[in-house]
Every structure is written in C-alpha cells, then in structure tokens.
Amino acid sequence: MSELEQLRDTAPARIAAADSADALEALRVEYLGKQGSVSALLKTLGKMTPEQRQEEGPKIQSLRATVVDAIAERKAALDDAALEQQLASETLDLSLPALQRPRGSVHPVSQVMDELAEIFADMGFAVATGPEIEDDWHNFTALNMPESHPARAMHDTFYFPDESADGAQDGKRMLLRTHTSPVQVRTMMAEGAPIRIIAPGRVYRSDSDATHTPMFHQVEGLVIDKNIHLGHLKWTLETFLKAFFERDDIVLRLRPSYFPFTEPSVEVDVGFAIENGPDGKDRRVLGGSGDAPGHAWMELLGSGMVNRRVLEMSGLDPDEYQGFAFGVGVDRLAMLKYGMDDLRAFFDGDHRWLDHYGFASFDQPTLSAGVGATA
Ligand code: PHE
C-alpha cells in the first residue's frame with residue numbers, strides 16, 4: 001500500500017477519535033505541519049514529471065482537503081462539548097430560595113413617618129416640607145416669638161455664626177430649625193387657605209441624654225379653614241392615634257398650656273398602663289383612661305388654635321380663617337409603639353439594632369392591611 005493510501009485510510013479515523021484539543025493539535029502538526037506527512041507528500045510533487053504530477057496531484061490535494069476538513073469538524077465537535085460542559089457547571093437555579101435574608105431594613109423613624117403619611121392622607125392631609133437650615137424669622141419671629149421672647153431660651157438653638165452686622169435684628173440670622181412649626185408659616189405664605197398638611201422632618205436642639213438627642217424628628221400638623229375649632233383638633237388627634245396605635249380605647253386628656261404660636265394652647269395627654277413586654281421588660285402600653293385603676297396620664301404632644309398674630313404674619317386674615325396646629329415627636333411615637341427605651345440607639349447605626357427593630361423594605365404601611373408593620 002502506498003503511503004498516500006495508508007494516510008487516506010487511517011487519518012480520518014484518528015482525527016475523529018482525538019479526545020481533546022491538545023490531541024487534535026498534535027495530529028494537525030503530524031499531518032499538516034512543516035514536517036508533517038501530508039506536507040511531505042505535497043513536496044514530492046515538485047520532483048515529479050508533468051505526467052506523474054497530473055495523476056498524483058489531485059490525489060494528494062484531495063487527501064490534504066480530507067485531513068483539513070476532518071480536523072475542522074472534530075474541532076467544532078470538541079468546542080461544542082466544552083461549551084455544553086461549561087454551561088452545565090455554571091447553572092444557576094433561580095427558583096431556589098435565598099440563603100440569607102437581604103441586609104438592610106427600614107429604620108423605625110422612616111417606618112413611622114410612612115405610617116403617619118398613610119393615616120393622614122386618608123383624612124385628606126398632604127405632606128409638606130421645609131428647610132432644616134432655617135432663618136430666625138420663620139423659626140421664631142413669625143411664630144410670635146420676637147427678639148428677647150423668653151420662649152426662645154427654651155429651645156437650646158444651634159445658631160450659625162452671625163455674619164452680617166444687623167443679621168439678628170432683621171430676622172435673617174440662620175439656625176438649625178428647633179421645631180417643624182416654621183413649615184406652618186411657609187405653607188400659609190406659599191399656599192394661602194384652606195390648608196390640611198402634615199410636615200414630618202428633622203429638628204435640632206442642643207440637648208443630649210437617654211430621651212434627648214441633638215437631632216430628632218417631629219411631625220407638624222396644620223389645618224386652616226373657615227370655622228375650625230378645638231373639636232376638630234380633638235377628633236383629628238383621636239382618629240390619628242387610634243389608627244396609629246391600632247387600638248380603639250385610646251383616651252385623650254386636653255390640658256390648658258402655653259405656646260406663643262397657639263391660643264388657646266392645649267397639651268394632650270394619653271392614658272396608658274405598664275405592661276410586661278415580649279422582652280420581659282416593663283413597658284408603657286397606651287390605652288384606657290389615665291384615671292382608671294393601674295393607669296396614668298402621659299404627656300404626648302403640644303397643640304392649639306393657631307394664634308391670630310401668626311395667621312396675620314403669614315398673610316391670612318384671622319377674621320376669615322382659623323385653624324389648629326399640633327407638633328409631636330416622631331421618635332417618641334416610634335418608641336411607644338415599638339417598645340425601644342433608649343432614643344440614642346436610633347442614631348447609632350448599629351446593624352444589630354436595625355436587624356431587631358427595622359422593618360422589611362417591602363412592608364409598606366397601608367390602612368387596609370394595617371399600618372402596624374410586622375417587625
Ligand atoms: N413646636 C412645638 C414644639 O416643638 C409643638 C407645637 C406645635 C405646639 C404646634 C403647638 C402647635 O414643642
């Protein structure tokens with residue numbers, strides 16, 4: 001048998017049997033490389049007579065083509081198999097349950113603010129905002145606390161350095177707002193009457209212990225319309241607190257008080273009892289009259305009818321419009337509802353605390369499903 005015939009008989013089978021890219025490459029070199037057997041046959045063409053060349057040439061070229069095709073075919077098959085194997089080993093089963101609960105949760109302050117927005121939206125209130133860096137006029141003067149008013153001293157205000165010579169006099173001195181009440185003024189000036197808003201946000205006072213932090217959160221409420229009276233205030237607060245604490249037995253006590261920007265001013269107390277919480281610690285649970293056995297009253301929030309002078313300074317006619325306002329600590333509401341006892345932990349950013357007290361991010365409070373999220 002000639003070498004050509006032998007190669008023609010054996011090469012395709014050997015190539016088809018190559019079981020790896022390396023084995024296939026070795027065969028390619030063996031047949032088609034510079035020293036390869038098929039290449040050697042091609043070189044013999046040069047020494048042949050024209051007649052011989054005419055006869056042998058096509059046979060050798062055909063052998064070469066057979067070998068090239070066989071190698072290409074085997075290479076494609078090996079590549080396919082490698083891809084199949086890679087895909088099989090990299091499979092990701094998207095239907096498997098997650099191994100870990102995702103990190104990150106909704107902070108109780110955010111949760112409570114969402115709950116407030118939901119409850120008040122149902123009563124027709126919009127959410128308003130104002131700047132945390134406020135001027136003296138909106139924070140104090142327009143709220144009936146002129147220069148040297150003694151109530152200013154109670155606010156432990158963080159002032160910015162006074163840059164202008166007469167800054168303090170014209171009310172332009174900047175400060176970190178000490179309460180959300182300046183949003184009352186801003187809303188009345190921007191929108192006129194009637195108004196139904198809540199204004200949640202950060203406020204700042206130079207104060208720090210277990211129940212006071214230099215930054216905390218309040219929500220302001222403001223209703224302005226014709227013929228608004230204290231009864232509307234009481235109903236609104238009762239309805240809000242029953243929805244928020246998810247109890248029908250919330251009992252309020254209204255006490256005369258004093259705020260420069262409301263007249264009359266009303267401090268609102270709520271009845272509570274001490275009960276043993278799920279963590280074994282005693283905690284205050286709202287509900288029932290503070291005068292009932294085992295119960296007491298707790299001061300919850302400040303409110304009142306908006307002072308005529310505030311309405312005037314905000315551009316409204318106090319003979320035409322009246323209204324009520326209230327302000328309450330959001331952090332305090334969160335502590336009462338969800339049972340934390342140290343306010344400072346709210347702002348430590350400790351993920352263990354957040355894991356315990358935080359809320360699932362998909363758990364949006366709705367009135368129909370209950371605003372009290374499952375922690
Ligand atoms: N702004 C008052 C405070 O921070 C609370 C308040 C708001 C009182 C509205 C009456 C009316 O203490």
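Predicted model: local features only at pLDDT ≥ 70, side-chain atom pairs only at ≥ 80, totals over all residues.
Met123 belongs to the loop between α5 and β1 (126-127).

Leaving aside residues up to four places away in sequence, Met123 touches Arg196, Trp235, Thr236, Thr239 and Phe240. Met123 and Arg196 are 73 residues apart along the chain, yet their C-alpha atoms are separated by 9.0 Å.

## Overall form

The chain contains 12 helices and 10 strands. Its radius of gyration is 41 Å, whereas a compact globule of 375 residues would have a value near 21 Å. The C-alpha trace spans about 125 × 60 × 40 Å along its principal axes.

Of the contacts with a separation of 6 or more, 66% are between residues 24 or more positions apart. Buried residues make up 42% of the 375 in the chain.

In soluble globular proteins, nonpolar side chains tend to be buried together. The largest nonpolar core here has 47 residues, of which Leu116, Phe240 and Leu333 touch the most other members. Elements that give two or more residues to this core include the helices α5 (108-122), α9 (230-245), α11 (330-338) and α12 (351-357), together with the strands β5 (215-225), β7 (262-276), β9 (295-306) and β10 (322-329).

Beyond residues up to four places away in sequence, Leu333 touches Val112, Leu116, Phe240, Phe244, Phe245, Leu300 and Val328. Phe240 is also one of the residues that Met123 touches. A second, separate core comprises 22 residues, among them Ala128, Leu175, Val183 and Ile224.

## Backbone features

Two cis peptide bonds may be noted. One joins Ala193 and Pro194, with omega about -5°; Pro194 is in the loop between α8 (182-191) and β4 (195-204). Another joins Glu263 and Pro264, with omega about 0°, and Pro264 is found in strand β7.

Positive phi values occur at two non-glycine residues. Ser148, with phi of about 70°, is in the loop between α6 (136-139) and α7 (150-153). Its relative accessible area of 71% makes Ser148 exposed. Asn227 has phi near 65° and is placed in the loop between β5 and α9; Asn227 is likewise exposed, at 62% relative accessible area.

## Surface and charge

The accessible surface of the chain is about 20,500 Å², and carbon and sulfur atoms account for 53% of this area. There are 36 positive and 59 negative side chains, and the centres of the two sets lie 4 Å apart.

Terms used. Residues numbered from 1 in each chain as written. Heavy atoms only, no water. Helix = DSSP H or I, 4+ residues; strand = E, 2+ residues; numbered from the N terminus. Rg over C-alpha atoms; globule rule 2.2 N^0.38 Å. Buried < 20%, exposed > 50% of the residue type's maximum accessible area, 1.4 Å probe, protein only. Contact = heavy atoms within 4.5 Å. Areas by Shrake-Rupley, 256 points an atom, 1.4 Å probe, with all protein chains shown as cover. Lys, Arg positive; Asp, Glu negative; His and termini not counted. Charge placed at Lys NZ, Arg CZ, Asp CG, Glu CD. Core = buried A, V, L, I, M, F, W, Y, C linked by side-chain atoms within 4.5 Å.
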